[in-house]
Amino acid sequence: MKSQKGKNMSVKAEKVSMGEGKTTQLVRIENERLTVELVAYGAHLYRVLARDRYGIAENVVLNVTPISALATDLQYFGATVGPVAGRIKQAQIGALSLEANENDNSLHSGSQGWSFQEWDLDWQETDDKITVIFSYVDHQSGFPGPITAQVMYCLIGEDLSITFTGESPVETFFNPTNHGYFNLSGELKTDIRKQMLEISAPHILATDGELIPTGTFLPVAETPYDFTTAKPLETALNELPSGLDTAFVFDGNAREHRVSLYDKASGRQLDVTSEAGSVIIYSASGWNRDTQVNYHPMTKELGLAIEFQELPDLPHHPEWGSIALLPDEKISKTIHYRFGVN
């Protein structure tokens, strides 16, 4: 175990078993406001202990248990997803063929994507900030490369940011995200249905039966998808039998791209912001897998996934922009999380 301590801050790393003789590293960083646990396998966000209105610190992130189960987790609890998150239609971009791991499509870069790789670990400390740096050189996801990637988790006060960087000697694609699931009740005391959700997005992306974008933006106004003002999740879920697995599209001219989640009972509030063009919101409403999270059986609507990224399947819709990573160009994308009390 390695341990370093700064003023009101600490960093600890220890080896943990991944089974079959393999190990990974569990990193625990903390200050007076938050405790965050990360796992080097898949550069996972594993646990976040956030305080409620009474000062009680409890975990608000769904984490697969035991840690060795991360190797077979196909719902990406807290995983770094890359180099390209979301679905790619027919697992094809021009002449590039990718692994088809969901129907005939590629999902989250397939079985050799970043979620299933061991990342190198380092960290840095200053007077008020801890930054954990995961590094990986991608030769095997199926995307052109190699892609030299870093995922940097930065903890300062009640703010946690995740910055993804990528560069490659050849033209490739880059649209990563973190696939964290959140439940602000603390230690899964309740499901998410009564938690309040607000999303500053005026449109959703229409999709077909395989959740592949059709190319159409649909206004959220006067639909169950309208979270432009905060409302309980159950208000929408009662009208959406399949729940939410939906890309919300931000106005490109908007000052802020934001998702807020609030739990009245605990007082906890999570504000997530990014410059990304969309956010995927997944309510796990049709859950039918035998998975343990937080040493508790995963059940429907126990957590809400919040995945900021550029629009899914964007290479097939160049009118929306580009996720190209050009040769020897370094791209950086950041997601900010603020764990507060209201």
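Trainee: What order do the strands take in the open sheet of 9 strands?

Mentor: Ground rules first: this is a predicted model, where local features need pLDDT of at least 70, side-chain atom pairs count only at pLDDT 80 or more, and totals for chains, interfaces and linings use all residues. Residues are numbered from 1 along each chain as its sequence is written, and side-chain values use heavy atoms, with hydrogens and water left out. Helices (H or I, at least four residues) and strands (E, at least two) are DSSP runs numbered from the N terminus, and two strands pair if DSSP finds at least two bridges between them. With antiparallel pairing, the order reads E12-E13-E14-E15-E31-E25-E24-E19-E22.

Trainee: Which strands stand at the edges of that sheet?

Mentor: Look for strands with a single partner strand, because one side of each is then left without a neighbour in the sheet. Those are E12 (120–125) and E22 (231–232).

Trainee: Why is strand E24 largely enclosed by the rest of the structure?

Mentor: E24 covers residues 258–262. Buried means under 20% relative accessible area, exposed over 50%, and partly exposed in between (1.4 Å probe, protein chains only). E24 is largely enclosed because the buried share of its residues is 4 of the 5.

Trainee: Which residue stands opposite Val259 of E24?

Mentor: E24 pairs with strand E19 (residues 196–199) in the antiparallel sense, over 4 bridges. In that pair, the residue opposite Val259 is Ile199.

Trainee: And in E25, what is the bridge partner of Val259?

Mentor: E25 spans residues 268–274 and pairs with E24 over 5 bridges, again antiparallel. The partner of Val259 there is Val272.

Trainee: Which residue in the turn of the E24 and E25 hairpin has a positive phi?

Mentor: There are 5 residues between the two strands of this hairpin. The one to pick out, with phi at about 85 degrees, is Gly267.

Trainee: What is the strand order in the open sheet of 6 strands?

Mentor: The pairing is antiparallel here as well. Reading across, you get E18-E29-E26-E23-E20-E21.

Trainee: How much space lies in the largest pocket?

Mentor: On a 1 Å grid over the protein atoms alone, a cavity is a set of points where a 1.4 Å probe fits but cannot get out, while a pocket is an open set with protein on both sides within 12 Å along at least five of seven lines. Grid points are joined across faces, edges and corners, and a volume is the space filled by probe spheres set on the points. For the largest pocket, that comes to about 680 Å³.

Trainee: Which strand gives the most to its lining?

Mentor: Lining residues have an atom within 4 Å of a point, and here there are 34, with Gln75, Arg87, Glu102, Leu107 and Asp245 nearest the centre. Elements giving two or more residues are E23 (245–249), E26 (278–282) and E29 (304–309). With 3 residues, the top contributor is E23.

Trainee: Is Tyr76 buried or exposed?

Mentor: Tyr76 lies in the loop between E6 (57–59) and E7, and its phi is near 60 degrees, positive although the residue is not glycine. Most residues other than glycine have a negative phi. At a relative accessible area of 4%, Tyr76 is buried.

Trainee: What is the radius of gyration of the protein?

Mentor: The protein has 1 helix and 31 strands. The radius is taken over C-alpha atoms, and the globule rule is 2.2 Å times the number of residues to the power 0.38. That rule gives 20 Å for 342 residues, and the model is close to it, so it is as compact as a globular protein of that length, at 19 Å.
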